[in-house]
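Subject: Handing over the two-chain model

Hi there,

Here is the structure I promised to pass on. Please have a look, and my notes follow below it.

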Amino acid sequence: MSTKIFKHIQTSVVPLTIENIDTDQIIPARFLKATTREGFGNNLFRDWRFDENDNPKPDFVLNHPVFSGKILVAGKNFGCGSSREHAAWAIADYGFDAVVSSFFADIFKGNALNNGLLPVQVSDEFLKKIFDAVDADPHAVVEIDLVDQFIKIVASGEQETFEVNPYKKACMTNGYDDIDYILSKKELIEEFEVSR
Amino acid sequence: MAKTLFDKIWDAHVVSSNEGFPDILYIDTHFIHEVTSPQAFDGLRSRKLPVLRPKQTVATADHNVPTINQHLPIKEELSRYQVDTLTKNCKEFGIELYGLGHPFQGIVHVIGPELGITLPGGTYVCGDSHTSTHGAFGAIAFGIGTSQVEQVMATQCLLQSRPKRMKIEVNGKLQKGVGAKDIILYIISQISAAGGTGYAVEYAGDTFRSLSMEGRMTVCNMSIEMGARCGLIAPDETTIEYVKGREFAPKGEDWDKAVVYWKTLYSDDDAQFDKVLSFKAEDIEPMITYGTNPGMGIGVTQHVPETLSFEQKEQGSYKKALEYMGLHDDEQLLGKPIDYVFIGSCTNSRIEDLRQVAEFVKGKHKADNVTVWVVPGSKQVQEQAIREGLDVILGEAGFPLREPGCSACLAMNEDKIPAGKYCVSTSNRNFEGRQGPNSRTFLASPLTAAASAINGYVTDIREFLIV
């Protein structure tokens, strides 16, 4: 089976300066009762986005008409806590293709990569530059190139390279799938089981 | 070459290692539950693949289940549907399910160890971040996402890059009233909720050696709360004694052979760690968290930090956390009135936790302003508690013993802390809304939680111990 292909995007961004955003904020546990992968975007950041009567909270960035785009930019240690892949599903389902932060929690990073959602880890300084750029112009455009592994603030031309596991990069740029890869080594699994 | 405990276990499970690729790691047992498995089963169906090793897959229903009247159908429709879906999927794919009504049902990280499924030297995964619990046996165990659940179902393997290795040593004698939960909350408060990210953490030192298996599970359970990939403790006589005779533990000759192997599972003297941290047991007070991530913890007598003590870029997030918690700079939590006490979760719901709480509350009664829920980790824990008469002691103190499940740790069932209310909780996460929308959580040990329930406010357990 193939996964979503990601190579390059250039778009405005949605800034979320909060640090240590855990997956319970991204998608609260009470919305994990679905048995399919679809529709989680409606409840992305549910309790920050809506009040107890389901009215949008005007102060929250996703409800602010001026901010839009396919890149979510967030404070450090993004995606900590629960291993729920529903967090990555919710972000992708809402319409984001990439998340930029200065630090990602491990499990979230893996889940994102398995869903064609690119986690881009930048330096603290570069993260601040993006937030500053958006502060100055909410429509500021950021470019992310997975093939050449760089992220650029288009207006200023400031850019930084980022790391990505070469295997996961090949998966994302070609739509390869982990299960197909492991099953191509099935005889090794059987040999391993016999040898123990 | 000298190896760490982690590397010994990892190397013994590598099916294939190729430059530029993550390792293909063999998984001994895959634990599954109702919340993170349905989409994985759907994936298998659309690929037309079976579960490769159904006998190495163990299922239970824990996250959604009610903790009263478990013999009745689940009231909440979506929860019921999710639990029923697990039952159907297990049947279709030939997986043993310890569902509601089964004598082995319980929180997945409580039942694996108590059934002797979790063993030293093994590899365990589950679509749940607290899988790190099983590392207490000297095993590699960690949480995975649903795509990986599907991967393990299809291949009994996981693609995984080897993490860095960290050793956290704690030596010395704990103060009275201080236990495993306080140790791990202290460590996380010192290194932050991200301090372990990218590492497999081995806990070493005589303080951990002196802990029971239950205590070690509490410590390893919260490894994920500092971001660690997993946490583990080398097996010793305490471990072997705990495993011996359990339902699925090896027996006879297999047992003897296993024990010989388990005794080789320790970090060699000159093994290299990427990072080593040391703490003194004597420095650890009973701990409590004040904020909205588990790294925001203090000794129970200390004051909440001041906003200005943080770097400027962190101050916004810090203020947001204090505002959510209804606290202010420099406030002392000691004496703060509370509304709920939750004793349960995969962190602190084992028989030892219930014994400790029952012993403490015997002859006392909870304060009127506090609602207490005691939720056992498994059916076996519940039955054991009843056999020992703990349910009666707890009940008389106003601490009713409920039925097993994850309960108010993540509030997927009806056990929710109401908006704005304070709960002293023995669970593992104090995130915003974790115990119910706008609920406020103070994480603490079972003893601190019990003492706070008795007084009706945040309490230093040591007050009760000076006689």
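To start with a question: which side chain meets that of Glu432(B) in a salt bridge? The partner is Lys320(B), at 2.8 Å from N to O (a salt bridge being a side-chain nitrogen of Lys or Arg within 4 Å of a carboxyl oxygen of Asp or Glu). Glu432(B) sits in the loop between strand 17 and strand 18 of chain B and Lys320(B) in helix 11 of chain B, so the bridge ties together parts that are 112 residues apart in sequence. Helices (H or I, at least four residues) and strands (E, at least two) are DSSP runs, numbered from the N terminus. Glu432(B) counts as buried at 12% relative accessibility, while Lys320(B) is partly exposed at 27% (buried is under 20% relative accessible area, exposed over 50%, partly exposed in between, with a 1.4 Å probe and protein chains only).

Before you go further, some housekeeping. This is a predicted model, in which local features need pLDDT of at least 70 and side-chain atom pairs count only at pLDDT 80 or more, whereas totals for chains, interfaces and linings use all residues. Residues are numbered from 1 along each chain as its sequence is written, chains are lettered from A and ligands numbered from 1 in the order in which they are written, and side-chain values use heavy atoms, with hydrogens and water left out.

Now the interface. Chain A brings 54 residues into contact with 66 residues of chain B (contact means heavy atoms within 4.5 Å). The two chains bury about 4900 Å² between them, 57% of it on carbon and sulfur atoms; buried area is the accessible area (1.4 Å probe) that two parts lose on being put together, summed over both. On the chain A side, Lys33(A), Thr35(A) and Ile179(A) lose the most area to chain B, together 15% of what that side buries. Thr35(A) is found in the loop between helix 1 and helix 2 (46–49) of chain A and is buried at 14% relative accessibility. Leaving aside neighbours within four places in sequence, Thr35(A) is in contact with Pro38(B), Gln39(B), Asp42(B), Tyr81(B), Gln82(B) and Thr85(B).

The structure holds 38 salt bridges over all chains, and 10 are found across the interface of chain A and chain B. Arg53(B) pairs with Glu193(A), the closest N and O atoms being 2.7 Å apart. That bridge runs from the loop between helix 2 (38–47) and strand 4 (57–60) of chain B to helix 8 of chain A. Asp106(A) and Arg229(B) also form a salt bridge, with their closest N and O atoms 4.0 Å apart.

Tyr422(B) and Phe442(B) have ring centres 5.2 Å apart and planes at 10 degrees, so they are stacked. Tyr422(B) belongs to strand 17 and Phe442(B) to strand 18 of chain B, 20 residues apart. Both are buried, Tyr422(B) at 7% and Phe442(B) at 0% relative accessible area.

Finally, a backbone detail: Asp330(B), a residue other than glycine, has a positive phi, near 70 degrees.

Best wishes

Key: Rings of Phe, Tyr and Trp (its six-membered ring) pair if their centres lie within 6.5 Å; planes under 30 degrees apart count as stacked, over 60 as edge-to-face and the rest as tilted.
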